[in-house]
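Visitor: I have some time for this one. Can you walk me through it?

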Amino acid sequence: MRTEDVLAATATGLWRWDNRAGTVTLDAEAARLLELPAEAGVHRESEVRSRFHPVDWNEIYAVISLAVAEDTVAETRLRVVDRGGRVLRTVRSRSKPLPADAESGAYCIVGTLQEVTKAQPGTGGAHTTVTGDWRRSREAFLLDAGRALAEARSTTEVLRVAYSLSMPGFSPDGLAVFGVAGERLTMVGQHGHNMGDESPFTDMPLETDYPATEVVRTGRAIYLPTPDDYRERYPATWPLARRFGRRSWAFLPLIVAGRTMGTWMAGFRHPVSFSPDERSVLTTVARMLAQALARAGIAETERELSQGLQRSMMPSLGPDIPGMTVAARYVPTGGGLQVGGDWYDMIPLPNGRIALVIGDVQGHDVRAAGLMGQLRIALRAYASEGHRPDAVLSRASRFLSGLTDAYEDDEEAGARFATCLYAETDPETGVLEIARAGHPDPVLMTPDGTAVIRQTAGGLPLGIEADTDYPTTRVTLEPGETIMLCTDGLIETGGHDLATGWVRLRPVLERHTDDLEKLADALVQAVHGPASHYTTGPLADRREDDVAVLLLRREGPTAHRAAPRRTALTIAQAEPERISAARRQLRELLHDWADPEQVDAAELLLSEMATNVLVHTDGDALMVAQATGEQGDRRLRVEVSDGSDELPHKRRPGEMASSGRGLVLMEMLAHAWGVDPRGAGKSIWFELHEAAGTDPDGLRAPGL
């Protein structure tokens, strides 16, 4: 009897699908099952496809791809429909993919079609199908698994996600991930085993007769449905696996970019037949797991590289400074390598002083980090030669300008600039000589928690012009006072400008007045911690920036709460806008003054005195403000000095006059005021008494 007659007698048809030619060859029985004329012939692929349910036809591609990858038989069930889409019958296909063209990946499918009879109620027959609830459950599982694995950022997280996966209908109770190190198989991680049980599998040669090593050597999955299958195929390692009490095993290759990087083992305490649908799920999970492990490995390598760069570029603060305390923080948040252009440094100088440096190179990429490293080394070299702060910055600007000139023709790289603040510190006297190149001003904090932005003279950022001058400003730290140097990331991260960013930081500075390390941590948390999400600024751009902060405190006696607060600022004839900065400094000095109307009055009187100097003299004005005494009973004295010998005199301005009211306001708003001649020039001053809140005659000093 011919084979065709036997197949026809059992209602089994033959088919051959050539995906390169786009044709399907059917015998008479196969054509009948597909509701085509019951005769052998060659049909177009589109004609045969129209006879299957569209969902099932799409499933064929996944099943065949799995069979091609594993070199196994493809088995699935397909619903045959009429032209109206009504299901006529279900057929089972068992077929073998045969390569037709290795270069193009084309293949031919040769197999059988057989009608599936529905199980009668009560027979207990199992009905597995690629359609229905199982497939929907499988698709939902794969979506969830893919999302969870995509979000994992480290190998530990990837393994944790893999161990938590609950596969539809056949969840494994034991998992292991193996990697390859040279010619040996190593265990990356495991779940479902007691501590120490995995020791025989942690390190073995790839030649070992073990399923995981064979998967690495061949790149093909191995399924062991029963313990007998395991024992027959791998007798050497069966005694090691037997003690775990499992009934079925699946070993799948972890392949990335065509390279097998390891093996994923799933063990089951219940029998699993590893149907094509189950193999498809396991294969898909293995592919996602391999991609996730590869991404995690790259991310961990980048983190290790960035941390190494960060450690090499961010030096330690070095030896302690006698009489002073230093704390610093650096938080890179800009680029993918977590390395940016911000830096800080502390440099011992030949004259016994200490230089504090903080800066920010434009950009957040690797080139910014490289320029930062070069610039930091150059600054250390210039400082170690004994140059003054202004000369150090001038030389550094010339150095950076020469570096960036090499990139003039490179549009992507472009020229870069850097901001920098250089402070030469005398530990014995607390005097700081500060030169600033486009960098934010330092912040001065008194022992009682008052924080004031200390205005300093400055020049252009480094690298803008090769020859640039940088004026210096002298600041004296009294015992117990702290100065903060920071980059703009501490102020502006989260959509803030300089004004709103300062409002966010000021309460932090006032709350942490004792421990510099705690203050440094609190500043970083205010910008990048959970609370920062509730203090976003007014700007639409909320990108994060690198943060560098350097804190220096001059130690003093513990009983320093009544230490005077003071601030000073020079207002040059060519810089009338600094009157606004002087008003802001005075208001910050009086941030906790009891009477806000007195604060307004002090700000108005300062404006009057400073403006008179700029209008009626040819020299600069020096503003000095000091508040003394305990809170609630303090005295404010504000002086404005100039080099002119001409004394002010009181006038009687008319109703429409635009000037002449300065001394009138002094009499109305101040508790005391006066003009003191100096050796060269004069000083005009006023005082306000916090506790009194009244004028000398018992009348309240009027507000504005």
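Visitor: Which residues lie nearest the centre of the second largest pocket?
Guide: D441, I453, L498, W502 and R584 do, out of 22 residues in the lining. This is a predicted model, where local features need pLDDT of at least 70, side-chain atom pairs count only at pLDDT 80 or more, and totals for chains, interfaces and linings use all residues. Residues are numbered from 1 along each chain as its sequence is written, and side-chain values use heavy atoms, with hydrogens and water left out.

Visitor: What counts as a pocket or a cavity?
Guide: On a 1 Å grid over the protein atoms alone, a cavity is a set of points where a 1.4 Å probe fits but cannot get out. A pocket is an open set with protein on both sides within 12 Å along at least five of seven lines, and lining residues have an atom within 4 Å of a point.

Visitor: What volume does the second largest pocket have?
Guide: About 460 Å³. A volume here is the space filled by probe spheres set on the grid points, which are joined across faces, edges and corners.

Visitor: Which element gives the most to that lining?
Guide: α14, with five residues. The elements that each supply at least two residues are β21 (482-486), α13 (488-492), α14 (498-511) and α16 (578-589). Helices (H or I, at least four residues) and strands (E, at least two) are DSSP runs, numbered from the N terminus.

Visitor: How does the lining split by class?
Guide: The second largest pocket has 11 nonpolar, four polar and seven charged residues in its lining. Ala, Val, Leu, Ile, Met, Phe, Trp, Tyr, Cys and Pro count as nonpolar, Asp, Glu, Lys and Arg as charged, and the others, Gly among them, as polar.

Visitor: Back to α16. Which of its residues are buried?
Guide: R578, I579, A581, A582, Q585, L586, E588 and L589. Buried means under 20% relative accessible area, exposed over 50%, and partly exposed in between, with a 1.4 Å probe and protein chains only.

Visitor: What covers them?
Guide: The cover includes β19 (451-453), α14, β23 (565-571), α17 (596-616), β24 (621-628) and β25 (635-642).

Visitor: How far apart are the end C-alpha atoms of α16?
Guide: They are 16 Å apart, which agrees with the 16 Å that its 12 residues should span at 1.5 Å a residue. The expected span is 1.5 Å times one less than the number of residues.

Visitor: Now the cavities. How many are there of 30 Å³ or more?
Guide: Three. The second largest cavity holds about 70 Å³ of space, and among its lining residues are W15, W17, E75 and I109. β1 (12-18), α4 (54-70), β4 (74-81) and β5 (87-101) give two or more residues each to that lining. By class, the lining of this cavity has seven nonpolar, three polar and one charged residues.

Visitor: Switching to loops. Is D618 buried or exposed?
Guide: D618 is exposed, with a relative accessible area of 79%. D618 is found in the loop between α17 and β24.

Visitor: And S154, buried or exposed?
Guide: S154 is buried, with a relative accessible area of 15%. Its place is in the loop between α5 (133-151) and α6 (155-164).

Visitor: What does S154 touch?
Guide: A296, E300 and R303, not counting residues up to four places away in sequence. Contact means heavy atoms within 4.5 Å.

Visitor: Last one: how many helices and strands does the chain have?
Guide: The chain has 18 helices and 27 strands. Buried residues make up 49% of its 704 residues.
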